[in-house]
Amino acid sequence: MNAKIMLSISMAIFGTLGIFTRNIAISSGELALYRAILAAALIFVYLIFTKQKIDFRSIKKELLLLLLSGIAMGINWILLFEAYKYTTISAATLSYYFAPVIVTVVCPILFKEKLSGKQIICFLMSTLGLVLITGIGDLRNGNDFIGILFGLGAALFYAAVILLNKFIKNVEGIHRTFLQFLSAIVILIPYVIMTGGVTLGNLNLTGWVNLLIVGFIHTGVTYCMYFSSLKELPGQKAAILSYIDPLVAVLISVAILGETMTIWQVIGGILILGFTLWNEISPKARN
């Protein structure tokens with residue numbers, strides 16, 4: 001499959017995640033755990049089918065980074081699923097997409113890079129967008145604000161995953177993701193045990209179907225497509241196509257679920273997505 005089409009499809013599938021998680025009546029921690037287990041199982045089969053072997057000798061030095069990134073991924077999922085429960089899918093997703101802005105600000109500190117004037121403008125305008133989403137307009141109730149805070153928390157841990165991955169040099173994308181899923185499982189099992197235990201028996205048929213879709217399709221299959229396409233595409237082109245995810249999420253939220261957005265939230269979303277996208281496109285790429 002063409003790399004652009006494959007990445008576009010994977011981003012569109014990511015954008016539908018919220019509508020499926022709404023139909024799974026288990027805790028966010030449990031959902032994150034089963035998502036990691038199902039996806040890891042599917043990727044394990046994929047690695048066997050494609051005869052890909054993980055060189056464990058080369059990853060010894062980066063084992064701690066893989067563990068930390070997997071833990072951050074698991075927490076990121078928990079917070080995102082909580083955000084879906086408290087607020088609209090559009091508000092949760094737009095708050096979540098503040099992650100690239102966080103990465104832009106932290107990179108100069110970790111990698112001794114200088115913030116350009118353009119990056120400073122993008123940071124300020126994206127932050128203004130977040131303020132508009134969270135602090136202005138008629139939010140339905142206090143739950144909306146709590147949900148947006150969960151979305152922002154998910155963004156922080158997603159940014160941590162991105163930054164930790166920058167330090168991992170000796171593990172390929174799909175192998176890295178598989179090991180991160182295993183790390184997430186390791187931290188999520190005790191978390192689930194301590195916060196209510198296993199409640200799969202409470203799921204009805206609809207819940208089971210949605211859980212399998214989230215685990216196998218939204219995570220296992222889509223991550224394989226995502227990393228396979230990244231190998232074939234320039235970074236900036238991949239970054240542009242990644243914005244299909246929040247656009248699909250917002251369309252589903254408004255058009256299918258009938259969730260409303262205030263005019264300030266719409267403007268805030270445009271500011272976050274628009275200026276973050278502008279930050280990722282160099283003058284050469286635009287030309």
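Biologist: At what angle do the axes of helix α5 and helix α12 cross?

Modeller: In this predicted model, helix α5 covers residues 89–96 and helix α12 covers residues 244–256. Their axes come within 8 Å of each other, and the crossing angle is roughly 160°.

Biologist: Which term describes the direction of α5 relative to α12?

Modeller: Angles over 145 degrees count as roughly antiparallel. The axes of α5 and α12 cross at roughly 160°. The crossing is left-handed, and the angle therefore makes α5, relative to α12, roughly antiparallel.

Biologist: How many charged residues does the contact of α5 with α12 have?

Modeller: From α5, the contact is made by Ile 89, Ser 90, Thr 93 and Leu 94. From α12 come Pro 246, Ala 249, Val 250 and Ser 253. By class, 5 of these residues are nonpolar and 3 are polar, and the number of charged residues is none.

Biologist: Which helix gives the most to the lining of the largest cavity?

Modeller: A search of the whole structure finds 1 cavity of 30 Å³ or more, and the largest cavity holds about 40 Å³ of space. At least two lining residues each are supplied by α6 (99–111), α7 (117–135) and α13 (263–280). The greatest contribution, 4 residues, is from α7.

Biologist: How many polar residues are in the lining of the largest cavity?

Modeller: The lining consists of Val 101, Thr 104, Gln 119, Cys 122, Phe 123, Ser 126, Phe 275, Thr 276 and Asn 279. By class, no charged residues are present, 4 residues are nonpolar, and the number of polar residues is 5.

Conventions:
Residues are numbered from 1 along each chain as its sequence is written. This is a predicted model: local features need pLDDT of at least 70, side-chain atom pairs count only at pLDDT 80 or more; totals for chains, interfaces and linings use all residues. Side-chain values use heavy atoms; hydrogens and water are left out. Axes are lines fitted to C-alpha atoms, for helices over the stretch in contact, and angles run from 0 to 180 degrees between N-to-C directions. Angles under 35 degrees count as roughly parallel, over 145 as roughly antiparallel, 65 to 115 as roughly perpendicular and the rest as oblique. A crossing is left-handed if the near helix is turned anticlockwise from the far one by less than a right angle, and right-handed if clockwise. Contact means heavy atoms within 4.5 Å. Ala, Val, Leu, Ile, Met, Phe, Trp, Tyr, Cys and Pro count as nonpolar, Asp, Glu, Lys and Arg as charged, and the others, Gly among them, as polar. On a 1 Å grid over the protein atoms alone, a cavity is a set of points where a 1.4 Å probe fits but cannot get out, and a pocket is an open set with protein on both sides within 12 Å along at least five of seven lines; lining residues have an atom within 4 Å of a point. Grid points are joined across faces, edges and corners, and a volume is the space filled by probe spheres set on the points.
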